[in-house]
Amino acid sequence: MATELSEQELALADVRQRAVADLEQIGTTEDLEEWRTRYFGRERGEVSAILKGLGKLPPEQRKAVGQAANALKAELEGLMEARGQELRAAERLAALDRERLDVTLPGRRAARGHIHPISQTIRDISRIFRLMGFQTLDGPEVETDYYNFQALNIPVDHPARDMQDTFWVVPGQILLRTQTSNNQIRIMEQVRPPVRAIVPGKVYRHEAIDASHEAMFHQVEGILVDETCTMSDLRGVVTRFAREMFGANRKVRFRPSYFPFTEPSAEFDIDCIVCDGKGCRVCKYSGWLEMGGSGMVDPRVLRGVGYDPTIYRGFAFGLGIERIAMLRYGIDEIRLFSGNDLRFLRQFT
Ligand code: FA5
């Protein structure tokens, strides 16, 4: 009898030792639930099995084993309850921690974009021409052959078309404009003189790309029409622009040139802002930097939009915006502007 009783006691002591050791390892309320099933589960719980087995013991043992088993049950349930409270509190704290708002922390800086150097240059160009009474207008990038070429005195098969290799949308009819000069026609068709406007925007040419030539780049077109303007007014406007943009001492020179829609035509250069005209790598040792083309609007173009060329006269000019931006920011690679490299763009904040 004494042996059987100690066997029961040994079994209880073994269960107790394992249950307490397991409980110490538990880290979550989920694991605790598993522990509860292992020892107190109705079907297979170890403590439940001992209690169920009491009825099979001889009556003289039943009382002592029963008391010991109930004491173990009460002890383990007490430990389980205490561990449960600890775990639930820790889990609540962790959840709070995740949501905690520390109002004393310094605020996170909101990511702020900034203006692209080409857009900034366009804004500055518009501001300078506004000082001279020019309004800034917009025009279509997808254009008809008529506005991009024909109305500008560049009929089909005109050799000038070769200078501006074209991206066609509908061959022979619709294209991506190769120059902002399409807007000369669009503006003059819509308003009566006096006209005084600039039109900045993208243009497209199917040409070889290098450090100073892109297939997509920006130009700004300028047009002025009234009854009295002359080539020297054109010169005055372009010179004022160059000085506002690059410094009061800039020199501007005009070279005779040819554009089918202006007569006479001239290209204009400014003295090199890097070497002050002495000659360097940037100006290819010429002392001059090419800015754009210009001229007096050809009377045939005026007639085409319904202006009487015996009354009205006008001048027009077109500038490459990337070239201006490259000079003012000291950039020697045009492709950086459309490369979307943030390391480049972040320098212009
Ligand atoms: C023209 O496009 C004429 N429409 C300009 C004009 C307007 C003349 C009004 C008369 C009256 P041109 O093809 O030269 O001209 O281009 C003008 C400027 O655009 C050039 O001086 C240059 O600064 C810029 N440019 C031309 N091709 C490229 C290119 N591939 N990449 C970057 N800039 C360019």
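I started with Ser181: an N or O atom in its side chain is 2.8 Å from a nitrogen atom of the ligand. This is a predicted model. I then looked up Glu214, where a polar backbone atom is 3.0 Å from a nitrogen atom of the ligand. Next came Arg323, with a polar side-chain atom 3.3 Å from an oxygen atom of the ligand.

I checked how covered the ligand is. Alone, the ligand exposes 670 Å², and the protein buries 94% of that.

Which elements give two or more residues to the shell around the ligand? I found β6 (216-226), β9 (288-297) and β10 (313-320). The largest share, five residues, comes from β9.

I went through the shell itself. It has 26 residues around the ligand, and Gln179, Ser181, Arg205, Glu207 and Glu290 are the closest. By class, I noted 13 polar, seven nonpolar and six charged residues.

Then the cis peptides. Pro193 and Pro194 are joined by a cis bond with omega about 5°. I placed Pro194 in the loop between α8 (182-190) and β5 (195-204). The bond from Glu263 to Pro264 is also cis, with omega near -5°. Pro264 is in strand β8 (residues 262-271).

Last, positive phi. Tyr285 is not a glycine, yet its phi is about 60°. I found Tyr285 in the loop between β8 and β9. Tyr285 counts as exposed because its relative accessibility is 62%, over the 50% cut-off. Asn340 has phi near 60°, again positive in a residue other than glycine. Asn340 sits in the loop between α11 (321-329) and α12 (342-345). At 63% relative accessibility, Asn340 counts as exposed.

Conventions: Residues numbered from 1 in each chain as written. Predicted model: local features only at pLDDT ≥ 70, side-chain atom pairs only at ≥ 80, totals over all residues. Heavy atoms only, no water. Near = heavy atom within 4 Å. Polar contact = N/O pair within 3.5 Å; in protein donor to acceptor, adjacent residues only side chain to side chain. Areas by Shrake-Rupley, 256 points an atom, 1.4 Å probe, with all protein chains shown as cover. Helix = DSSP H or I, 4+ residues; strand = E, 2+ residues; numbered from the N terminus. Nonpolar A, V, L, I, M, F, W, Y, C, P; charged D, E, K, R; others polar. Buried < 20%, exposed > 50% of the residue type's maximum accessible area, 1.4 Å probe, protein only.
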